[in-house]
Amino acid sequence: MFFYLSKKIAIPNNVKLKCVSWNKDQGFIACGGEDGLLKVLKLETQTDDAKLRGLAAPSNLSMNQTLEGHSGSVQVVTWNEQYQKLTTSDQNGLIIVWMLYKGSWYEEMINNRNKSVVRSMSWNADGQKICIVYEDGAVIVGSVDGNRIWGKDLKGIQLCHVAWSADSKVLLFGMANGEIHIYDNQGNFIVKMKLNCLVNVTGAISIAGIHWYHGTEGYVEPDCPCLAICFDNGRCQIMRHESDQNPVLIDTGMYVVSIQWNHIGSVLAVAGSQKVVTQDKDVNTVQFYTPFGEHLGTLKVPGKQMSALSWEGGGLKIALAVDSFIYFANIRPDYKWGYCSNTVVYAYTRPDRPEYCVIFWDTKNNEKYVKYVKSLISITTCGDFCILATKADENHPQEENEMGTFGAMFVLVLCNSIGTPLDPKYIDIVPLFVAMTKTHVIAASKEAFYTWQYRVAKKLTALEINQITRSRKEGRERIYHVDDTPSGSVDGVLDYSKAIQGTRDPICAITASDKTLIVGRESGTIQRYSLPNVGLIQKYSLNCRAYQLSLNCNSSRLAIIDISGVLTFLDLDARVTDSTGQQVIGELLKLERKDVWDMKWAKDNPDLFAMMEKTRMYVFRNLDPEEPIQTSGYICNFEDLEIKSVLLDEILKNPEHPNKDYIINFEIRSLRDSRALIEKVGIEDASQFIEDNPHPRLWRLLAEAALQNLDLHTAEQAFVRCKDYQGIKFVKRLGHLQSESMKQAEVAAYFGRFEEAERMYLDMDRRDLAIGLRLKLGDWFRVLQLLKTGSGDADDSLLEQAHNAIGDYFADRQKWLNAVQYYVQGRNQERLAECYYMLEDYEGLENLANSLPENHKLLPWNKAVELAKNHSMKEIGSLLARYASHLLEKNKTLDAIELYRKANYFYDAAKLMFKIADEEAKKRTKPLRVKKLYVLSALLIEQYHEQMKNAQRGKVKGKNSEATSALAGLLEEEVLSTTSRFTDNAWRGAEAYHFFILAQRQLYEGYVDTALKTALHLRDYEDIIPAVEIYSLLALCACASRAFGTCSKAFIKLESLETLSAEQKQQYEDLALEIFTKHTPKDNRKSELDSFLEGGEGKLPTCVATGSPITEYQFWMCSVCKHCVLAQEITSSERWHLALLFILCRKLGSIYNDKVYTTTSIL
């Protein structure tokens, strides 16, 4: 918070002032003094220039009226803002109520008791009642219309002050002896107030002021102290309510004459004079405090005797009555605000809510997002994100900290630019000072500082999100005591015990850049640390206490604003020789400015910065100032030679409706000069000036000017200098255009002058380019207009697209009737159906359904079947058959299968699937595809079996209901499917092709014996795989395995096949003769498993991974297909791909529950 004297008004004839009061709503200032002086003044603050709004506006007097009526010294003036009345009284006891009529003030009522003098008057919060206290103990409570409500005479008491509570139920009476008594609103004594601030105080004291803030603008914190009582000896106490046993105690150290809260109860001003006589001629001072007793600063005021003070309604000015003058001081509040990603974030209090209302105002789109935050401490921004520092909610669950304890007192909430919380961090130190960089958040108390290397969600992988709980151990969060000297090593833990250790030299300010952290201490010491690994690099010593610190863009210079508003600069890396002859690092630069309350370095130039000095903004380049600009805005951003400033004072007058006029952009001199040169002299001379003062923004300005003049060569060179690749590409594209008017139209579109560009295209009879421009902009209304108004046929598909886009526009805004009109023209049945449904237009839905073609996606048969079954429709079977036959006629067999499957007609679906599999087998397609089709068919049959069992299970009751229902289901299946081969053994087709593929794979991989065993299985599947293929493969495997006896039998079978021609048979005979003339047709080694392979009773199960019989004790069985595999085979990575139906059952979506079986249990 910063304050400075801004204006002085002299009272005629050197009449000394006794009181002053500022009307909070209308801005009138009443001042009373000796000899009956009473004036009403008003400062003129209206201006049409947005830059000169607020404190920067000229403050001439728009009213200066002397009110006649008092003869004695006017001692009390008080406003009734609600009813626009002024109440005044003088030393003779005369009370006058004044009213405003046609811009002037006139007497409305007069009251003179003639017995005593009025010491204090106070209107209650709603302006309905006034309480008047006289020196002799008389109390009168009257209404706003002048009627007396009640009166009381407090015998033997001298009264001097009165105050109402916010709810008008309690009155406080201040006595001349310093006591304060509490009464109810009917004048009944309740209790004497305990005054903790006067403990151990001796001697005569008097009350300097009582002010009870009524919460009209909300409170800065729930249960915030709001009743201020101050005595002439400088002792003060601030209470939460009249019975508060633990008030905030302050010793101001001065003689106090007057106190007052600002308009929101966040700052208490205490006016008086210094106790200790010093050389300083300004003995009058105003001290500023928070409701919690924290000292915000001191304002020194010239003159001999200060008598009163009063705040302006917006809290931006304060009026001080000193001798025969009124001094005005401007206040620059420490607003809770920040600027990130074109968004101004600001907070304010509301009377209807205990929390702070935080507004995220997107200045680009003029949209705002509201967030309510309890006990907000500060707002800090950087890049696209902001940090809200708050007190922890006692009722909110907290994360566990590094030390394994709960109960952190404060929270740092990382938010994006629309206020969405991304990551909260609970900490145990008070975040009095918070700094933020692109990677780190630094929060400091008076003794320690905490660093947090934050990451945002869009950069996190799923793995990192799971590891967030471990991230602290990796060093993302650390804490350091200000007296420590960290080395920068990565080891360290989050140890909050450091934070509770005291220090003799507390922290008073911090700032940080990507590689440097600066910590300022009250003694003037500046400590410089490295980032991200925090290590103490250097200490510097200053002669001031820093209030605000700021680093330039390359971290070479530090700007320091001290508590008096003096701006100085420190060169961090300069090496100089001090007075003792020692070489030291760090040089204090010669530039010094006073009354500075804000400054901002340029983001792209380490020598450029802007600063606010009173109501003027100065821009400095290399420590040389440009001419000042009159404004009172807070600096948001300084980049590209432009300063963005926000008039927070104006915004917070009506914070719920921010106005884009309150965002002001200032161009610095070099940018203004370059623009003037281009406009007045020409591009060539301007180009030379920019060459001498290069900056990317200036080159871009030149490029844009050259484009306007179609000087493509200069434009291209300038775009190259400012590294604008898109601009270079645009200039290249312009160079290929032949027509000058076409180039001008493209340039107009480039600069966003779309109406002008469209008009040029239409003048050139290029409606297609105008439509293309509007398409890029997404302006579908104009696209439709252009399509309809142009001559010739419009593009039907584009017309349809435009109608649908406009329909989407209305549907997004829930204007369904408007959307219907456009969807009908765009033939968008899906969205049309949605609109009819939202409008509850079921007739329209029915008509739409009747107009749809067969098999449209808006007619889902599976859903229809489900509804029909739920409502017991009898004709569902015939309807399904009819639609399935319709699909089969169109050769959409798979669609028919899907229809049956979704309708739970698994048997019919399986029949069609087997038919497809058989057809594919006859076509000699890839065996793996045929195998998959057979597996799908078998899975459908299994689902059919399960369906039959479930259907019977519901019908049968009793102990053996499961077994009985299974039997009943099987019997019903047998009746239904006696003629179908595939219901008996649905997996035969899949088995056949599996062993067929497996035998060949084993043969090619060199497992000839295993391949022979697998091929022998194929003899059982002659009805599925042609015999010639089976026995050819068997002969090949047997020959490779040197089992020539088996090979001979295979050749005999091949030669006897009737399906072969005589020529083919002869070829087999020739091949057999060639083999068996060399080898005896006898197996060399007899397999011990031949007896099992021959078939018969007690046949062993076969391993589908190897084709061999299973003789092991343990193996796996699939619960769906009931095929088996050896345990060691299914866990072997080399053979896993061989397991037939285990894989297919899973891949094709069946539910499985594999179990371990033993050989004996199968047999």
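In which handedness of crossing does H6 pass H7? Hi everyone, let me start there. In this predicted model, the crossing of H6 past H7 is left-handed.

Here is the geometry behind that. Helix H6 covers residues 712-721 and helix H7 covers residues 725-735; their axes come within 9 Å and cross at roughly 160°. Angles over 145 degrees count as roughly antiparallel, so H6 is roughly antiparallel to H7. On the H6 side, the contact is made by Leu712, Ala715, Glu716, Phe719 and Val720. H7 answers with Gly727, Ile728, Val731, Lys732, Leu734 and Gly735. If you sort the residues of this contact by type, you get seven nonpolar, two polar and two charged.

Let me zoom out for a moment. The protein has 1163 residues, and 50% of them count as buried. There are 30 helices and 59 strands to look at. Taking contacts between residues at least 6 apart in sequence, 48% join residues at least 24 apart.

Where is His70 found? It sits in the loop between strand S5 (61-66) and strand S6 (74-80). His70 has a relative accessible area of 8%, and under 20% means buried, so His70 counts as buried. Its side chain has a polar contact of 2.6 Å with the side chain of Thr88, and another polar contact, of 2.9 Å, joins it to the side chain of Asp90. Leaving aside residues up to four places away in sequence, His70 touches several others, including Gly36, Leu38, Leu94, Ile96 and Trp98.

On to the backbone, for those of you who like torsion angles. Ser168 has a positive phi of about 65° although it is not a glycine. Asn200 is also not a glycine, and its phi is positive at about 65°. Ser168 belongs to the loop between strand S14 (159-164) and strand S15 (170-175), while Asn200 is in the loop between strand S17 (189-192) and strand S18 (207-212).

Which of the two is buried, and which is exposed? Ser168 is buried, with a relative accessible area of 11%, whereas Asn200 counts as exposed at 76% relative accessibility.

One last stop, at a proline. The peptide bond from Leu531 to Pro532 is cis, and its omega is near 5°. You can find Pro532 in the loop between strand S43 (525-530) and strand S44 (535-541).

How values were computed
Residues are numbered from 1 along each chain as its sequence is written. This is a predicted model: local features need pLDDT of at least 70, side-chain atom pairs count only at pLDDT 80 or more; totals for chains, interfaces and linings use all residues. Side-chain values use heavy atoms; hydrogens and water are left out. Helices (H or I, at least four residues) and strands (E, at least two) are DSSP runs, numbered from the N terminus. Buried means under 20% relative accessible area, exposed over 50%, partly exposed in between (1.4 Å probe, protein chains only). A polar contact is a pair of N or O atoms within 3.5 Å; within protein, one must be able to donate a hydrogen and the other to accept it, and residues adjacent in sequence count only if both atoms are side-chain atoms. Contact means heavy atoms within 4.5 Å. Axes are lines fitted to C-alpha atoms, for helices over the stretch in contact, and angles run from 0 to 180 degrees between N-to-C directions. Angles under 35 degrees count as roughly parallel, over 145 as roughly antiparallel, 65 to 115 as roughly perpendicular and the rest as oblique. A crossing is left-handed if the near helix is turned anticlockwise from the far one by less than a right angle, and right-handed if clockwise. Ala, Val, Leu, Ile, Met, Phe, Trp, Tyr, Cys and Pro count as nonpolar, Asp, Glu, Lys and Arg as charged, and the others, Gly among them, as polar.
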